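Hello,

Here is the structure we talked about passing on. My notes follow below it.

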Amino acid sequence: MHELPVTQSILKIALDHAEKANAQRITALNIVMGELSSMVDDSIQFYWEIVAKDTIAEKAMLNFRRVPAELQCMTCFHKYHPTDKELVCPQCGGVGAKIIAGEEFALESIDVE
Amino acid sequence: MPTNVPVVENILNANDRLAQENRTRIDAAGVFSINILASPGAGKTSLIEQTLPLLKGRLRVATVDGDIATSIDADRAAAAGAGAAIQINTGGDCHLDAVMLRGALEQLDLTQYDLLIVENVGNLVCPANFKLGTHKTVLVASVPEGDDKPYKYPGTYRGVDALVINKIDLLPYVNFRMDYFQQGVQVLNPGVTTFPLSCRTGEGLDTWVEWLVQNAKK
């Protein structure tokens, strides 16, 4: 449900940057989306077709670059991918980790004409 | 031929900026503010209901209640002694955002209060992503929800400043492994303050109330 305001936000950022670049048309948006961002790309795609209608971004492709979650153990510094059953370090069993990837949610670039 | 224009802008920036404006407004009034997150039924409103009478004469409290519909929660907070109880109906949205809180703050004379309690929409998924501008985020977990919740909702569990574990009076009756739960919490949020308590029996509420008072008097 929260993807509607989020999609409107994506459109606004894209239109602002397209205007600065004097673009006639936006052909693609390149979005980076971390595994832990709690965003659903299908849902963004669904709202996109509604919010982008009648703008210079209508028909633009949404390209999602997904980033897997990565944690780093603060005891042995091993890097690992957490599962929904286990968050502790698989190497040393350490508790206390830092998220080093997976929370990204940004518009990286747009393709314009 | 299309050209690529680099953007690199955080999509939730607009909300984050408004959250900062809310914080400035709250700080200017010298108010301590918390954002309470939980799944539906964990006991957010019960916690507020039990807390308000214990703060009577110590802190002046305003509450803002976010719900998809109805004013049941704000009514309960007002009945329990909140100096002001503002209801925000999100009209279907699954979380409060900074714009909604700004609308509520405009209805309050913040200088009349010491503590602002914002009760978010019951949901463990997205409220954590939308900053409101409050000083601390408090998660209310509850024993019957199960001990696997930190593992299933790491985004919410890692971002909170304090954790209330409600309904501890039910521990003898449900299969809740406190050590497994706490381990999940500590992996992503080492050292987070926890308050095991029961809104029904009142056990543990005093420590929680002291934490609020200490923070509000800072």
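Start with helix H8 of chain B. The buried residues of H8(B) pack against S2, helix H2 (44–55), S5, strand S7 (162–166) and strand S8 (193–196) of chain B. Contact here is between residues whose C-beta atoms, placed from the backbone, lie within 7 Å. Buried takes 20 or more other C-beta atoms within 10 Å of the residue's own, exposed takes 12 or fewer, and partly exposed is in between, with C-beta atoms placed from the backbone. Helices (H or I, at least four residues) and strands (E, at least two) are DSSP runs, numbered from the N terminus.

Housekeeping: this is a predicted model, where local features need pLDDT of at least 70, side-chain atom pairs count only at pLDDT 80 or more, and totals for chains, interfaces and linings use all residues. Residues are numbered from 1 along each chain as its sequence is written, and chains are lettered from A and ligands numbered from 1 in the order in which they are written.

Back to H8(B). Its buried residues are B:Trp208, B:Val209, B:Leu212 and B:Ala216.

Next, strand S2 of chain B, residues 32–38. Seven of its seven residues are buried. One side has B:Phe32, B:Ile34, B:Ile36 and B:Ala38; the other has B:Ser33, B:Asn35 and B:Leu37. S2(B) pairs in the parallel sense with S5(B) (115–119) over five bridges; pairing takes at least two DSSP bridges. There, B:Asn35 stands opposite B:Val118. S2(B) also pairs with S6(B) (136–142), again parallel and over five bridges. In that pair B:Ala38 faces B:Val140.

Last, the interface. 30 residues of chain B are in contact with 29 of chain A. On the chain B side, S1 (3–10), H5 (149–152), H6 (154–158) and H7 (178–188) each supply at least two residues. S1(B) gives the largest share, eight residues. S1(B) also runs antiparallel to strand S6 of chain A (105–112), joined by six bridges. A:Asp111 has B:Asn4 as its bridge partner.

Best wishes

Key: Two residues are in contact if their C-beta atoms, placed from the backbone, lie within 7 Å.
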